[in-house]
Amino acid sequence: MSTVAVVKCASYDEEEVDAAVAEAVELGGGLESLLARGSTVLLKPNLLEVRDGESGATTDRRVVGALVKMIRARGACALVGDSPGLRHRGAGDTVLDVTGMRAHCEELGAAVESFESARLTDTSIAGGIVLKRAVVAAAAVESDLVISIPKLKTHSLTVMTGAVKNLYGVLPGGQKTLGHVLGRTHAEFADVLCDLYSLVRPRFAVMDAVTGMSGTWRTQKDRIRPGLILASADAVALDAVACELAGLSPMDVPTLRQAHERGLGVADPALIEVVGETSARIEDFTLPYRTSIAWRLLRLFAPALQKEDPRVVPELCDGCRACEDACPAHAIGYPDGRAQIDLEGCIRCFCCLELCPRRAVEIERGWLGKRLFGGR
Ligand code: SF4
Ligand code: SF4
């Protein structure tokens, strides 16, 4: 049985966040038994892109800061690190600076590093199914304790992102390309994520669900405000509860189902105790696509439903080329100064959709998909 704490936190007011994170951590099992004086703790937020926590796309600096304060108060050393989805030189430092993460956490006494310029280590993954080796940030495997600090968000490839998928950021820059190339289907990519998770194995997770993202992130209503902090010593269970709060069965999320089946954590709601705000629900939450077994079977037998292509809306694209940096398949060109996707080369990872600063990439569906989901 795993325990997951759910605590209300209506805003990013620093005092409110400190109190909510402290309460959630305590209810979720506490850090005392995990922290030794002088030990090093890697805090791994989700810093996908150059947007702050209010945007719904990244972990807020104050949530990370609350954990830095707790760790420092117990005489341990805090290191905050991540590598964003953007892959141009200096992207990691830019995201740390623009989100205010670096200034806030350094002021609180943490070391802060972009994994793009950090020391790396090439390591084998015992029991890896798709990913047998990986070049990762050394801090991810050498720290005494890793805490995953995800954001509550949908993802167009993995349905939901959370504490497990958050660890993809320990792969710096181009290494992420390898993961996407090896994990082309939902199931394969879920195995890549579980392989990485089994390597890093965070001992605690805290989710920033004060704000978040639902749907395909393209409209203002996709930015949601659940006003919650979640915490658990079982990152898989934490993600499972986030799914449940949003009305989604955790076992319909390939990453969580596979993590559960591989014994990496608990995703079965019957085996999870929720404490704190047990009646909390996330309203107005939409998914990028349907996930039920009936829906998957329907997709299998109805080819018209299977079409899910990324498409650039020309009127919204300003030719900034951020999607070119993000594309692991090098499938994006700029014939007329605006992005154009080569669907033959595209592996449907939807990194371009996630990382376009102008939200100019959408999912183009088959005719039945359009009728069921709308869009083009
Ligand atoms: S699609 Fe988005 S990321 Fe790509 S060039 Fe256009 S505006 Fe930039
Ligand atoms: S075009 Fe977009 S969806 Fe296709 S491989 Fe590149 S980043 Fe992924």
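This is a predicted model: local features need pLDDT of at least 70, side-chain atom pairs count only at pLDDT 80 or more; totals for chains, interfaces and linings use all residues.
The protein chain is assigned two domains: domain 1 covers residues 2–276, and domain 2 covers residues 298–373. Their C-alpha centres are separated by 26 Å. The contact between them draws on 19 residues from domain 1 and 22 residues from domain 2. Together, domain 1 and domain 2 bury about 1,800 Å² between them, and carbon and sulfur atoms account for 56% of this area.

Specific polar pairings across this contact were also counted. Between domain 1 and domain 2 there are 0 salt bridges. The count of residue pairs in polar contact between domain 1 and domain 2 is 1, with both residues at pLDDT 80 or more. On the side of domain 1 that touches domain 2, helix 6 (residues 175–182) gives the most, contributing 3 residues. By class, this side of domain 1 comprises 7 nonpolar, 7 polar and 5 charged residues.

Two ligand shells were examined. Ligand 1 is surrounded by 13 residues, of which Cys317, Cys320, Arg321, Cys323 and Cys356 are the closest. The shell around ligand 1 divides into 10 nonpolar residues, 1 polar residue and 2 charged residues. Ligand 2 is likewise surrounded by 13 residues. In the case of ligand 2, the closest residues are Cys327, Cys346, Cys349, Phe350 and Cys352. The shell around ligand 2 holds 12 nonpolar residues and 1 charged residue, with no polar residue.

Salt bridges were searched for over the whole structure, and 19 were found. One salt bridge joins the side chains of glutamate 54 and arginine 223, at an N to O distance of 3.1 Å. The two partners of this pair are 169 residues apart and belong to distant parts of the chain. Glutamate 54 is located in the loop between strand 2 (40–45) and helix 2 (61–73), whereas arginine 223 is part of strand 11 (residues 223–224).

Notes:
Residues are numbered from 1 along each chain as its sequence is written. Chains are lettered from A and ligands numbered from 1 in the order in which they are written. Side-chain values use heavy atoms; hydrogens and water are left out. Domain bounds come from an automatic or database domain assignment. Contact means heavy atoms within 4.5 Å. Buried area is the accessible area (1.4 Å probe) that two parts lose on being put together, summed over both. A salt bridge is a side-chain nitrogen of Lys or Arg within 4 Å of a carboxyl oxygen of Asp or Glu. A polar contact is a pair of N or O atoms within 3.5 Å; within protein, one must be able to donate a hydrogen and the other to accept it, and residues adjacent in sequence count only if both atoms are side-chain atoms. Helices (H or I, at least four residues) and strands (E, at least two) are DSSP runs, numbered from the N terminus. Ala, Val, Leu, Ile, Met, Phe, Trp, Tyr, Cys and Pro count as nonpolar, Asp, Glu, Lys and Arg as charged, and the others, Gly among them, as polar. A residue is near a molecule or strand if one of its heavy atoms lies within 4 Å of it.
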